[in-house]
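Biologist: I'd like a close look at one part of this model, with the cut-offs spelled out as you go.

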Amino acid sequence: MNEILINILEDMGFFVLDQEQDFDIRDYISDSIQFMDFIVRIEDKLQIELSDDFLDYDLLLSSVALANKIESYKDSLKQ
């Protein structure tokens with residue numbers, strides 16, 4: 001999932017330097033329009049609608065934590 005987030009950032013025109021480690025997505029997403037674009041791209045890529053819980057800018061603090069939260073959310077939709 002972290003790789004998908006990196007690919008989305010790259011599609012938005014950002015280059016993630018160290019793709020093997022956790023990183024702060026806020027280093028790339030600097031305003032609310034970019035944030036909403038990022039969330040919509042995640043939804044489009046995964047073919048899901050994320051809950052309003054994902055509209056928290058602080059979730060971008062850790063790419064790995066966000067990836068894990070998305071995975072958990074996707075798993076909850078399957079049940």
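Which residues gather in a patch of negative charge on the surface?

Modeller: Bear in mind that this is a predicted model, where local features need pLDDT of at least 70, side-chain atom pairs count only at pLDDT 80 or more, and totals for chains, interfaces and linings use all residues. Residues are numbered from 1 along each chain as its sequence is written, and side-chain values use heavy atoms, with hydrogens and water left out.

The patch brings together Glu49, Asp52, Asp53, Asp56 and Asp58. To join a patch, residues need over 30% relative accessible area and no salt bridge, with like charges linked within 9 Å; Asp and Glu count as negative, and their charges are placed at CG and CD respectively. Areas come from Shrake-Rupley with a 1.4 Å probe.

Zooming in, Asp53 sits in the loop between helix 2 (32–46) and helix 3 (63–78), helices being DSSP runs of H or I with at least four residues. Asp53 counts as exposed because its relative accessibility is 54%; exposed is over 50%, buried under 20%, and partly exposed in between.

Now for the paired charges: there are 2 salt bridges, meaning a side-chain nitrogen of Lys or Arg within 4 Å of a carboxyl oxygen of Asp or Glu. In helix 2, Arg41 and Asp37 are 4 residues apart, about one turn, and their side chains meet at 3.1 Å, N to O. Arg41 is partly exposed at 28%, as is Asp37 at 30%. Asp24 also bridges to Arg26, with the closest N and O atoms 2.9 Å apart. There, Asp24 counts as buried at 19%, while Arg26 is partly exposed at 28%.

Methods: Patch = residues over 30% accessible without salt bridge, like charges linked within 9 Å, V, L, I, M, F, W, Y side chains within 5 Å. Helix = DSSP H or I, 4+ residues; strand = E, 2+ residues; numbered from the N terminus. Buried < 20%, exposed > 50% of the residue type's maximum accessible area, 1.4 Å probe, protein only.
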